[in-house]
Amino acid sequence: MNFQDRFTERAKEALERAHEAASELGHGYVGTEHLLYGIACVSDGASAKALKSAGLDENLIYEILEKYIGRGDSFKTTVQGLTPRAKRVIELAASDAAKRSAPENRRFSGCGAAALPSACGCTPP
């Protein structure tokens, strides 16, 4: 079984949007910054709502990615996969989801919004 088979539809959508953003920006990887963008794109999710209440929506996050990380090649880049830190965020989110869900209904959130700050080395205020 593919690990993504255990993700919710929203988590799969967030990962897909993260991958698309990385490709559009010419980045050869999907990092935590792309995951954050993907999470913000899933507008009906609790994590996206939390980001929006903090003033971060997918458009602003994309602009920040473009401004501070920049664009890669002008041609669409083939994304090679998740960075080690992005993988860790997903692992932490999956672990958290597994702890909070009943054993017969364990589907990973996979988005990593709750795990993102700690995996990035940030501490909440």
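Colleague: Let's start inside. Which residues form the largest nonpolar core?
Modeller: This is a predicted model, and its largest nonpolar core has 11 residues: F7, A11, L15, A18, A22, V30, L35, V79, A86, V89 and I90.

Colleague: Which helices each supply at least two residues of this core?
Modeller: Those are α1 and α5. The most comes from α1, which gives four residues to this core.

Colleague: How many residues are in the second core?
Modeller: That separate core has 10 residues, including A21, L25, Y37 and I39.

Colleague: A loop residue in a core, then. Is L25 buried or exposed?
Modeller: Buried: its relative accessibility is 0%.

Colleague: What does L25 touch, not counting residues up to four places away in sequence?
Modeller: The list is Y62, L65, E66, G70, R71 and G72. Take G72 as an example: L25 and G72 are 47 residues apart in sequence, yet their C-alpha atoms are 6.1 Å apart in space.

Colleague: What about contacts over the whole chain, how many of them join residues at least 24 apart?
Modeller: Among contacts between residues at least 6 apart in sequence, 67% join residues at least 24 apart.

Colleague: Back to α1 for a moment. Which residues of α1 are buried?
Modeller: A11, A14, L15, A18, A21, A22 and S23 are the buried ones in α1. They pack against α2, α4 (58-69) and α5 (84-100).

Colleague: How does the span of α1 compare with what 1.5 Å a residue should give?
Modeller: It agrees, because the 16 residues of α1 should span 22 Å and the end C-alpha atoms are 22 Å apart. Just after α1, G26 takes a positive phi of about 75°.

Colleague: Let's switch to charges. How many salt bridges are there?
Modeller: The count comes to six salt bridges. One of them joins the side chains of E9 and K12, at 3.5 Å from N to O. E9 and K12 are both in α1, three residues apart, about one turn of the helix.

Colleague: How open is that pair to the outside?
Modeller: E9 is exposed at 57% relative accessibility, while K12 is partly exposed at 28%.

Colleague: Which residue does R10 form a salt bridge with?
Modeller: D44, with the closest N and O atoms 4.0 Å apart. R10 is in helix α1 and D44 is in the loop between α2 and α3 (46-53), so the pair ties together parts that are 34 residues apart in sequence. R10 is partly exposed at 40% relative accessibility, and D44 is partly exposed at 46%.

Colleague: E66 and R71 both came up as contacts of L25. How far apart are their closest N and O atoms?
Modeller: They are 2.7 Å apart, and E66 and R71 form a salt bridge. E66 counts as partly exposed at 31% relative accessibility, and R71 is partly exposed too, at 47%.

Colleague: Now the outside. Which residues form a nonpolar patch on the surface?
Modeller: L60, I64, Y68 and I69 do, with about 380 Å² of accessible area together. I69 lies in helix α4 and is partly exposed, with a relative accessible area of 40%.

Note on methods
Residues numbered from 1 in each chain as written. Predicted model: local features only at pLDDT ≥ 70, side-chain atom pairs only at ≥ 80, totals over all residues. Heavy atoms only, no water. Buried < 20%, exposed > 50% of the residue type's maximum accessible area, 1.4 Å probe, protein only. Contact = heavy atoms within 4.5 Å. Expected span 1.5 Å × (residues − 1). Patch = residues over 30% accessible without salt bridge, like charges linked within 9 Å, V, L, I, M, F, W, Y side chains within 5 Å. Areas by Shrake-Rupley, 256 points an atom, 1.4 Å probe, with all protein chains shown as cover. Core = buried A, V, L, I, M, F, W, Y, C linked by side-chain atoms within 4.5 Å.
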